[in-house]
Amino acid sequence: MNTLTSDISPQKLWGKSFIFIMLANALLFMAFEMLLPTLPLFVSSLGGNASQIGLVTGIFMFSAILVRPFTSVLATKMDKKYLLIIGIAICALATGAYYLSSGIGIILVLRVIHGFGFGLATTYFATIATENIPKSRRGEGMGYFGVGETVAISVGPLIGTSLLLQYNYQSLFLGGMCILLLALLMTVFVSRNSQRESEDKSSVHLATSVKLIEKKVLFPSLLILMVGVAAGSIMSFVALFAAEKGFNNIAWFFFIVAIASFVVRLFSGTMFDRLGPGSVLLPSAFFAIAGLLVLILSQNQIHFLIAGALYGFGFGAIFPAIQTWCVNLVEEHEHENAMASFFNFFDLGIGGGSLVLGLVASAFSYTVVYTISIAVLVIYILLYSVYALKQKQFEDRSLGVHIE
């Protein structure tokens, strides 16, 4: 029997460490989301043009993707908790330092550093969270863990723009830094499973090379890439689509997405644990498609908000389900590799999808953008259905051999 720390029992979910790691992760994403609508304005105020603003956004994602393959090897050299604290500290210092930037070059350097910190923090947050969740409740626990991210995505931009409008850029960046320092403080009080710490030390020889992609989670990572394409179409273009349609309640749209995501996670994680990935991944995709379809056909603000609710039900269940599935497919010492692949594919879906769909929007319309997003999710459903069918056939053959 494994020896556990005092606040972690075999079936206990809501321990002190899980609560702190969940809240700290939410604060990390809140500080990140505060900068999404405001940092481009800061770059513009320094004389940056559209291409430079795009570079400032893209280079952050590139550096986060670049550092994640190293997270597994780093975890054999230093405790994951300390690596997480370093990642958060880098994010905090970079966020506060933006105000000191005197030119685009300095901002680009800070974005690279910030991206490194964000890549480290997001990976270790996820892996340490899994250590504080009983395996039998992993789907449920990861669902709750991701609620903070969803809420942050909705309220972070509102907080960022409010600080900028009421005060100035200094208040915005220092406010973001203070939020991250609070996240760092919470992380200090997180306890790790003592058995997992000893496993980290004993698995040094198992993780001595850098893995760009964890092959065991390649298929679910491809699925989250497609989900990222659809998510990118919402994050990047829904505000512009709403303005084109004459809808003025974009803040309520994202608020409803957050509420729907929270509600669905109250039961989708338990469904995952009891019935497997398919019980969540297929129905949630249909909800997301329904949301995008209603968005395309929306004629008034009520339709617009209904679209947000349907999309929130879908995305809110898909993201933690695939994340949990990736963790379940690998051994304990491979969690960092699995989460690195998961987040990198998701980020590639958002970034690459937004880039391509932006060109589509320029050439055609936002309706075509969301039609393509629906098509991508239809492909997702077909791919998973084929995968599930092959898995069932394999299990039936194995059972038949066993019976014989």
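Visitor: What is the volume of the largest pocket?
Guide: This is a predicted model, in which local features need pLDDT of at least 70 and side-chain atom pairs count only at pLDDT 80 or more, while totals for chains, interfaces and linings use all residues. Residues are numbered from 1 along each chain as its sequence is written, and side-chain values use heavy atoms, without hydrogens and water. A pocket is an open set of points on a 1 Å grid over the protein atoms alone where a 1.4 Å probe fits, with protein on both sides within 12 Å along at least five of seven lines. Taking volume as the space filled by probe spheres set on points joined across faces, edges and corners, the largest pocket has about 1,500 Å³.

Visitor: Which helix provides the largest share of the lining of the largest pocket?
Guide: Lining residues, those with an atom within 4 Å of a point, number 49 here, and Leu36, Thr57, Met235, Ser236 and Ile350 lie nearest the pocket's centre. By class, the lining has 31 nonpolar (Ala, Val, Leu, Ile, Met, Phe, Trp, Tyr, Cys, Pro), six charged (Asp, Glu, Lys, Arg) and twelve polar residues (the others, Gly among them). Helices are DSSP runs of H or I, at least four residues, numbered from the N terminus. The largest share, nine residues, comes from residues 335–363, helix α15.

Visitor: How are α11 and α13 oriented relative to each other?
Guide: Helix α11 (residues 218–245) packs on helix α13 (residues 278–297) at about 25°, with axes 11 Å apart. The axes are lines fitted to C-alpha atoms over the stretch in contact, and the angle, from 0 to 180 degrees, runs between N-to-C directions. Because angles under 35 degrees count this way, α11 and α13 are roughly parallel.

Visitor: Which residues of α13 make the contact with α11?
Guide: Contact means heavy atoms within 4.5 Å. By class, this one has six nonpolar, no polar and one charged residues. From α11 come Ile234, Val238, Phe241 and Lys245, and from α13 come Leu292, Leu295 and Ile296.

Visitor: Is Gly176 buried or exposed?
Guide: Gly176 lies in helix α9 (residues 169–188) and touches Ala31, Met34 and Thr95, not counting residues up to four places away in sequence. Because its relative accessibility is 1%, and the cut-off is under 20%, Gly176 is buried.

Visitor: Which residues does Ser268 contact?
Guide: Ser268 belongs to helix α12 (residues 250–275) and is buried, at 5% relative accessible area. Neighbours within four places in sequence aside, the contacts of Ser268 are Val280 and Ala317.

Notes:
Helices (H or I, at least four residues) and strands (E, at least two) are DSSP runs, numbered from the N terminus. Angles under 35 degrees count as roughly parallel, over 145 as roughly antiparallel, 65 to 115 as roughly perpendicular and the rest as oblique. Buried means under 20% relative accessible area, exposed over 50%, partly exposed in between (1.4 Å probe, protein chains only).
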